[in-house]
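User: I have a structure to go through. Can you take some quick questions on it?
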Amino acid sequence: MSSVKVECVVKEKSLIGEGPVWEERDGTLLFVDISGKRINRWNPETNQTQIMKTEKFVGAVVPRKSGGYIMAEGTRFAAVDWEKQTTTTIAHVDSDRANNRFNDGKVDPMGRFFAGTMAMEVQPAVLERKQGSFYSLNLDHTVVKHFDQVDISNGLDWSLDHKILYYIDSLSYMVEAFDYDIQTGKICNRRKVYSLEKGEGIPDGMCIDIEGKLWVACYNGARVLRIDPHTGKRMDTVMLPVDKTTSCCFGGKDYSELYVTSAYQGMDQEDLARQSEAGCLFRVTGLGVKGIPPNSFAG
Ligand SMILES: O=C(O)[C@H](O)[C@@H](O)[C@H](O)[C@H](O)CO
Ligand SMILES: [Zn+2]
């Protein structure tokens, strides 16, 4: 941790930057601007960003094995043809909850896409509570509802042996775990892994590293935490120059760089003047630990 460097690499701001995913084949980073309703695909080599606008708030976008992407947008799962810039609906959720939208999502090691919902926010982290649910999209395009009563469905990832799903419902201020059955995609035995301390902010996006430790971006915390899920202890804290750090993923050559998204929605002029890089994308190097490649939707 001695030579940790934090750089702002994408200066174009997102209202709510989120859901970073490294695309190994092209050496690009995919991330969304949820309320900016756009998907960004940034190439670090050229520093060019390709974009695609979405119709509704877009919670997460993930690569698809057969090409293109799958997104969780509004209350639908949809396929994205990046070349043609078109989308095709696969399934709808929360049809009885007009005020809901998808938030964070990730693909499991078998290629299923997991994503959860929440009510629309009145302001950051202020919303009608317990409106969300947690879903997965199977390879055959059927949808499973795993549980409801979610406030803000957020970061998730699987243990390296695929036996545990780590999950964050932001307003619980915890990282939790479930036993995971990789064969069936079913979860059970919910329990606490880590409770955030005062001043650490609200737990948001999360990813696992090659040592099985969790990296948790903390909204209003200006930091990413490294948590040991086995001891429930915080191992490290990386501070960033913006309060609203939203999510993180490993990427770059051999997954040694940590990319961190941020938001500026909900900040007033004074905050924005103080934090000129709010909403930008950051790269953290020198952590001395690597990540693992992301999974692609296999359906
Ligand atoms: O990025 C997300 O997951 C949410 O969509 C955001 O709105 C904030 O993070 C949330 O308000 C804090 O938990
Ligand atoms: Zn989030």
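User: Where is G252 placed?
Analyst: G252 is in the loop between strand 22 (245–251) and strand 23 (257–262). Strands here are DSSP runs of E, at least two residues, numbered from the N terminus. This is a predicted model; local features need pLDDT of at least 70, side-chain atom pairs count only at pLDDT 80 or more, and totals for chains, interfaces and linings use all residues. Residues are numbered from 1 along each chain as its sequence is written, and chains are lettered from A and ligands numbered from 1 in the order in which they are written.

User: Why is G252 partly exposed?
Analyst: Because 18 other C-beta atoms lie within 10 Å. Buried takes 20 or more, exposed 12 or fewer, and partly exposed is in between, with C-beta atoms placed from the backbone.

User: New topic. Which residues does UniProt list for "binding site"?
Analyst: The unreviewed entry lists E18, N154 and D204. They spread over 187 residues of sequence, yet the largest C-alpha distance is 10.2 Å. UniProt annotations may be inferred rather than shown by experiment.

User: Is E18 buried or exposed?
Analyst: E18 is buried, with 29 other C-beta atoms within 10 Å. E18 lies in strand 2 (residues 17–23).

User: And what does D204 touch?
Analyst: Not counting residues up to four places away in sequence, its contacts include N154, G155 and S170. Contact means C-beta atoms, placed from the backbone, within 7 Å.

User: How many bridges join strand 3 to strand 4?
Analyst: 5, and the strands run antiparallel. Strands pair if DSSP finds at least two bridges between them. V32 has I39 in strand 4 as its bridge partner.

Definitions and conventions: Helices (H or I, at least four residues) and strands (E, at least two) are DSSP runs, numbered from the N terminus. Two residues are in contact if their C-beta atoms, placed from the backbone, lie within 7 Å.
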